[in-house]
Amino acid sequence: MKVLVTGATGNIGTSLLHALEADPTVDEVVGLARRLPAWLPDKARFIKADIRSADLVTLCRDVDVVVHLAWAFQPTHRPLTTWEVNVLGGIRVLEAAAEAGVSSLVYASSVGAYSPGPGRQVDENWPTHSLPTAGYGREKAYLERYLDAFELRHPSMRVVRFRPCFVFKRHSASEQRRLFAGPLLPRPLIRPGRLPVLPVPVGLKFQAVHADDVGEAFRLAVVGPATGAFNLAADPIIDRDRLAEIFEARTVPVPGQVVRAGLAAGWRLRAVPAEDALLQLLLNLPTLHATRARQELGWTPRHSGVDAMREVLHGMADGAGFATPPLKPDRAEALSHTPSR
């Protein structure tokens, strides 16, 4: 089996390549990336390619499964740029796979595609119209609609779409700090036990899952017969009490509009990279039932959501990363060339 993976050097991509490396049914993995990594796992080769402009049809020739992971979270101040990469680039990947005769497509959607449902836990039938004020949700929802029509036009192609919750691992720590917190957040304060008080937006509830567990779910979809949509989430649901446990700090409830106003000011001043609309999306998300993935894929996460969060927080404090350009560590001495499993 030959597998092509877009976004192969990122958070989920590196975990997926490690999982595919260990699977005897996979013969070759082709990883597409805008910047080539120093890391080269067994069975894999990397090709420098931008999904907005590369000859994707040629790259998809003789491929059995295409896994589309590539996604640009930034720049949030230039929404046309992220639209061009995420939506138009994503459409190019889907259409190239179909034109090249690829038999199976596995796509990384997100909990962010789901329509508002705060306080609800939902399965894969919940609407996926997102909260379109945030670019991330708007783009994920658009691709969900495109995939609906794509599947009708290509009934012979097996299509799987995963909707994971928040995906963490130690090797993604520096990247995620850069993407969402920015350089003004002192790394030592992120380490659990360092903050005496943690402000938490009222009503905040979410889930976390380890990237290696997500990579395993994608591997199961690549080599198996699965089709359709699957939620991916680990227990427990993380709320204010869990955050107090994770950060080893006393938590203080803060109205969401107050936190959003502060984030909006920081974003407009370009002091923080995450836009306030992303927080609004987070506060309106439902949580996920992952029963279908467990029953039909045979997927069982090896890490709890709390473990995944603790791992990435300690990684942020340490400046940890991995030997790919997206996962570049904040501290050179924290670079790892070894996958996290």
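## Disulfides and cysteines

A disulfide is taken here as a pair of cysteine sulfur atoms within 2.5 Å. By this rule the predicted model has 0 disulfides. Cys60 counts as buried because its relative accessibility is 4%, where buried means under 20% relative accessible area, exposed over 50% and partly exposed in between (1.4 Å probe, protein chains only). Cys165 is also buried, at 7%.

## Basis of the model

This is a predicted model, in which local features need pLDDT of at least 70 and side-chain atom pairs count only at pLDDT 80 or more, while totals for chains, interfaces and linings use all residues. Residues are numbered from 1 along each chain as its sequence is written, and side-chain values use heavy atoms, with hydrogens and water left out.

## Fold and dimensions

The protein contains 12 helices and 13 strands, assigned as DSSP runs (helices H or I, at least four residues; strands E, at least two) and numbered from the N terminus. Its radius of gyration, over C-alpha atoms, is 19 Å, close to the 20 Å of the globule rule for 341 residues, so the protein is as compact as a globular protein of that length. That rule is 2.2 Å times the number of residues to the power 0.38. The C-alpha trace spans about 55 × 45 × 40 Å along the principal axes.

## Packing and contacts

Of the 341 residues, 56% are buried. Among contacts (heavy atoms within 4.5 Å) with a separation of 6 or more, 77% come from residues 24 or more positions apart.
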